[in-house]
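Hello,

Here is the structure I promised to pass on to you. Please open it and keep it on screen while you read the rest of this email.

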Amino acid sequence: MILLWKKKKFLSASGISPSARFEPLNFYVFTSLTQLICTIIYICFIIYFLIIEIKLLMKLNLKYFYEFWSLIQVGIISCSITSIIIYIWRFKEYNRLSSLFRETNGYVYINLQMTVYVDDVLTSLLGFCCFFGTIKFIKFIRFNKSLIIFIQTLKYVTKDIISFSFMFSIVFMSFLALFYLLFNSSIGSCSSLLSTAQMLFEITLMSFDATDFTGADPFLGPFCFSLFIIIVVFVCLSMFMSILNDGFHHVELNSIEDQHILSYMLKKFLNWTHLRRPNVEEIYEVQDSRMHSQYIDPIENFPDKIDQLLEAIDRIYIDQRKELLKLKRAGV
């Protein structure tokens, strides 16, 4: 079934922008036996990983959320469980509409707005599942030397990138307000803040049409466009590339161990099936990784411990001063 979806958008300049789109609706829950089997297998995997992550959460407590891959796993599980709930909701909604259509033979008005909304939510959740799952694949291809260099570079320049992100966000938001307020009523791409931000990102990627700015205003259009190109594209992106280049040269000087994915997968499979017993070095390596995940390096906590020591000394000093004042007042 194909639904024609019409929508009207009221612009800030007292205008109306109509739009229409086609929404295909499939009233069949499972179109084939393969889809049913894949769905059951996927649900079993989600339940299995949910049990594992709950055990890790109970073991590590809040330290569980300090690991990046734990957050990715939480995103996959939460989006998958929510998708299952929305899928059941959509199934009930489809059954209600199908029964209503059979009873009336299609001669009554049927509101499909809720059905389209549920279908959009389910599509968005499946998109997030694919997003987190694709990022999860980075963990499996981490044996690639180029990827290892890239990850180590990002770790080295994390603080610089965070500082640069704050600076770039301020510059980008200022240009966003400038383009939106100046060309809101003259350029269609600046009709809203979201479309204006999309247009500015396209300009940053050097995918733009400068004739719109020339037609909007002979002076302000080219001037604002040139100002954005100079400050954002030339200056800001050059700073970003310099930060990455410095981190890359620093990481390139350090030796990186070359790992082989086939041997790693074979070793993990043999350990999992208990066909091969791990040696002493591997046991120590696993214990060290577990200890590292549970405890933070004491050097990182050293400044906090110094602050706590100084606060304790201050409290002792203040308490002693109070006791001396009390003894002086008592004439001792």
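Predicted model: local features only at pLDDT ≥ 70, side-chain atom pairs only at ≥ 80, totals over all residues.

**A nonpolar patch**
Look for Leu33, Leu36, Ile37, Ile40, Ile41, Phe45, Tyr48 and Phe49, which make a nonpolar surface patch of about 750 Å². Leu33 belongs to helix 1, which covers residues 33-60. Is Leu33 buried or exposed? Its relative accessible area is 60%, and since anything over 50% counts as exposed, Leu33 is exposed.

**Aromatic rings**
How many aromatic pairs does a search of the whole structure find? It finds 14. One of them joins Phe164 and Phe168. Their ring centres are 5.9 Å apart and their planes meet at 25°; planes under 30 degrees apart count as stacked, so this pair is stacked. Both residues sit in helix 5 (residues 158-182), with four residues, or about one turn of the helix, between one and the other. Phe164 and Phe168 are both buried. They also belong to a cluster, in which ring pairs link Phe164, Phe168, Phe172, Phe201 and Phe240.

**A buried glutamine**
Now find Gln73 in helix 2, which spans residues 68-104. Its relative accessibility is 7%, and because buried means under 20%, Gln73 counts as buried. Which residues does Gln73 touch, leaving aside those up to four places away in sequence? They are Phe49, Glu53 and Lys136. You have already met Phe49 as one of the residues in the nonpolar patch.

Enjoy exploring!

Best wishes

Definitions and conventions. Residues numbered from 1 in each chain as written. Heavy atoms only, no water. Patch = residues over 30% accessible without salt bridge, like charges linked within 9 Å, V, L, I, M, F, W, Y side chains within 5 Å. Areas by Shrake-Rupley, 256 points an atom, 1.4 Å probe, with all protein chains shown as cover. Salt bridge = Lys/Arg side-chain N within 4 Å of Asp/Glu carboxyl O. Helix = DSSP H or I, 4+ residues; strand = E, 2+ residues; numbered from the N terminus. Buried < 20%, exposed > 50% of the residue type's maximum accessible area, 1.4 Å probe, protein only. Phe/Tyr/Trp six-rings, centres within 6.5 Å; stacked < 30°, edge-to-face > 60°. Contact = heavy atoms within 4.5 Å.
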